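Colleague: I would like to go through this chain with you. Could you show me the structure?
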Amino acid sequence: MRNSMISRAILAIAALAGVAGTSRVAAAQIHPSFYGSAEIDTRDSQFYLLGMYLGMARARWSPYFNVNAYRLNYPVLGGSSDLTAVSPTLGFAYAGRRGGVSVGGGYAFVNNEDPGAPGAEGGGSDGATVSVGAYQAGGGNRPLNTQLLANYNFGSRYAWARGRASVPFGIATRHPARIGAE
């Protein structure tokens with residue numbers, strides 16, 4: 001049952017991305033961003049995340065769609081455990097010239113639930129989620145971009161928050177690739 005719900009969520013996301021990618025009107029206004037993250041620590045925990053953000057370009061207040069899929073492997077007494085999740089979010093974002101804020105709500109679909117799982121971005125249980133974020137883009141040739149993110153999962157009563165900073169990576173300062181710290 002749970003795998004069927006996750007499969008339907010992934011299918012809906014793929015359909016939305018396909019419609020946005022093939023429509024000329026949507027392509028002129030909607031800009032997708034794809035991102036990923038991997039974390040490994042000294043306590044044998046690993047976290048892998050892939051995500052997609054669809055938002056409007058150069059608009060003040062506008063709707064957005066975000067989806068994360070993640071896998072968390074973590075130690076438990078006598079071994080290890082893992083969980084996977086898909087967490088779609090719909091919300092509104094305010095984009096200014098060099099900064100912005102966002103607020104959204106969604107749902108975390110978790111496979112192999114564990115409410116006490118440490119380090120799961122969207123929480124270790126199925127549940128409604130709320131997300132907030134803020135970003136600031138610096139000026140100059142090698143602008144420093146900063147970002148603050150926070151999620152709360154009502155199903156597992158789990159809060160997750162992070163700060164990020166990045167600069168352009170490589171010789172060309174206008175290249176979209178960035179490197180930073182979290």
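Modeller: The questions below go from the chain as a whole to two of its residues.

Modeller: This is a predicted model, in which local features need pLDDT of at least 70, side-chain atom pairs count only at pLDDT 80 or more, and totals for chains, interfaces and linings use all residues. Residues are numbered from 1 along each chain as its sequence is written, and side-chain values use heavy atoms, with hydrogens and water left out.

Colleague: How many helices and strands are there in the chain?

Modeller: The chain has 2 helices and 9 strands; these are DSSP runs, with helices (H or I) of at least four residues and strands (E) of at least two, numbered from the N terminus. The order from the N terminus is α-α-β-β-β-β-β-β-β-β-β.

Colleague: What share of the residues is buried?

Modeller: Of the 182 residues, 31% are buried, where buried means under 20% relative accessible area with a 1.4 Å probe, protein chains only.

Colleague: Turning to Asn-151, where is its place?

Modeller: Asn-151 belongs to strand β7, residues 145–153. It counts as buried because its relative accessibility is 16%.

Colleague: Which side chain does it join in a polar contact?

Modeller: The side chains of Asn-151 and Ser-131 form a polar contact of 2.9 Å. The term denotes a pair of N or O atoms within 3.5 Å; within protein, one must be able to donate a hydrogen and the other to accept it, and residues adjacent in sequence count only if both atoms are side-chain atoms.

Colleague: And Asn-153, buried or exposed?

Modeller: Asn-153, also in strand β7, is buried because its relative accessibility is 1%. Its side chain reaches the backbone nitrogen of Gly-155 at 2.6 Å.

How values were computed: Buried means under 20% relative accessible area, exposed over 50%, partly exposed in between (1.4 Å probe, protein chains only).
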